[in-house]
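I opened this model to look up its disulfides, salt bridges and nonpolar clusters. My entries follow in the order I made them.

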Amino acid sequence: MSRIEEIYHEAKSDKWFQGFALFCRIVLAASFFPTGLVKVMGERFAEGLPSNNPLGHYFDALYLTGYYYTFIGIAQIIIAILILIPRTSFMGVLMYFPVIVNICVLTYATRFAGTRANTMLLLACLFLLLWNYDRLKYLLPFKQARTDPPVIKKPLGIRLRIIFFGGSIAILSFIIIGTFYLWEIGPCNSEAECRNQCFGSKNPVACEEFCDCIYKDGRPLDSCLAAFNKKKNIRVSNTK
């Protein structure tokens, strides 16, 4: 057994890691069950998000797809239930992964303010996939050699907890802080929030016009960003 496998089996037998895996399962299930229930009940998801918001456009179109919208809700509820049941949790995580990847790409593409939360859900899902590596490896297109029962020769003990949880805190801090500087401007969750970011902007006029473009004109995000960058570049050239 390789050193990595030893560390993996040591983590699997550690109560702290077992508790963290349970916590991740509960969080993933809690993220899908209420959102799926909203769709099954026939209500628009994220009702507080204006229709002219780039992500609001998507939710409006999705809401109008009829039984496909209901199907998505049922699938989310089934995935949440599978994740909560120990015997089916691995299947639930496998189903959850492609959905959360799609959601993350969508929120990054539309510069959604809740992007960091979806990123954390993706990381939690990745952890559970690694947690179930003893099952996942049989789905990979590689020949699996027979291994002897795990015998941990050099246990890391408390150092393993410190390395993992310390690294997790560092990654979460990077995501939280990094996403604040990811984009110069974004549509935010409402027109008021969009205009609030203009107070500290280096290009307040261009920022106000961007918010008008999104929430008053209802134009696509790429079009509004192009107009913002053009206005910003004109201002820079005039100052020179």
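**Disulfides**

I began with the torsion about the S-S bond of Cys194 and Cys211: it is about -90°, so this disulfide is left-handed. Cys194 lies in helix H9 and Cys211 in helix H10, so the pair ties together parts 17 residues apart in sequence. Helices here are DSSP runs (H or I, at least four residues), as strands are (E, at least two), numbered from the N terminus. The S to S distance in this pair is 2.1 Å. I count a disulfide when two cysteine sulfur atoms lie within 2.5 Å. Cys194 is buried at 0% relative accessible area, and Cys211 is buried at 0% as well. For burial I use relative accessible area: buried is under 20%, exposed over 50%, partly exposed in between (1.4 Å probe, protein chains only).

A note on provenance: this is a predicted model, where local features need pLDDT of at least 70 and side-chain atom pairs count only at pLDDT 80 or more, while totals for chains, interfaces and linings use all residues. Residues are numbered from 1 along each chain as its sequence is written, and side-chain values use heavy atoms, with hydrogens and water left out.

How many disulfides does a search of the whole structure find? It finds three. Cys198 and Cys207 form one of them, with sulfur atoms 2.0 Å apart. The torsion there is about -75°, so I log it as left-handed. Both Cys198 and Cys207 are buried. Cys213 and Cys224 form another, with sulfurs 2.0 Å apart. Its torsion is about -85°, so that disulfide is left-handed. Cys213 sits in helix H10 and Cys224 in helix H11 (residues 221-239), so the pair ties together parts eleven residues apart in sequence. Cys213 and Cys224 are both buried. With the bonded cysteines numbered in sequence order, the pairing reads 1-4, 2-3, 5-6.

Cys104 is in no disulfide; its nearest cysteine sulfur, that of Cys125, is 9.8 Å away. Cys104 counts as buried, at 5% relative accessibility. Cys125 is buried, at 0%.

**Salt bridges**

Side chains of opposite charge can pair when their charged atoms come close. I searched the whole structure and got seven salt bridges (a side-chain nitrogen of Lys or Arg within 4 Å of a carboxyl oxygen of Asp or Glu). Asp14 pairs with Arg161, the closest N and O atoms being 3.0 Å apart. Asp14 is in the loop between helix H1 (3-12) and H2, and Arg161 is in helix H8 (residues 158-180), so this pair ties together parts 147 residues apart in sequence. Asp14 is buried at 13%. Arg161 is partly exposed at 23%.

Next I looked at Arg195. Its side chain meets that of Glu208 in a salt bridge, 2.5 Å from N to O. Arg195 lies in helix H9 (residues 191-196) and Glu208 in helix H10 (residues 204-216), 13 residues apart. Arg195 also bridges to Asp212, with closest N and O atoms 2.3 Å apart. Shared partners join Glu191, Arg195, Glu208, Asp212 and Lys216 into one network. Is Arg195 buried or exposed? It counts as buried, at 18% relative accessibility. Glu208 is partly exposed at 29%, and Asp212 is partly exposed at 24%.

**Nonpolar core and patch**

I define a nonpolar core as buried Ala, Val, Leu, Ile, Met, Phe, Trp, Tyr and Cys residues joined through side-chain atoms within 4.5 Å. The largest one has 26 residues, and Leu28, Tyr96 and Leu128 touch the most other members. Helices H2 (15-40), H4 (67-84), H5 (89-109) and H6 (115-131) each supply at least two of its residues. H6 gives the most, eight residues. Another core, of 14 residues, lies apart from it and includes Ile185, Cys198, Phe210 and Phe228.

On the surface I found a nonpolar patch of Leu22, Ile26, Phe33, Leu37, Met41, Ile81, Leu84 and Ile85, with about 710 Å² of accessible area together. Patch members have over 30% relative accessible area and no salt bridge; like charges are joined within 9 Å, nonpolar side chains (Val, Leu, Ile, Met, Phe, Trp, Tyr) within 5 Å. Areas come from the Shrake-Rupley method with a 1.4 Å probe; for residues, only the protein chains shown count as cover. H2 supplies the largest share, four residues. Leu84, in helix H4, is partly exposed at 46%.
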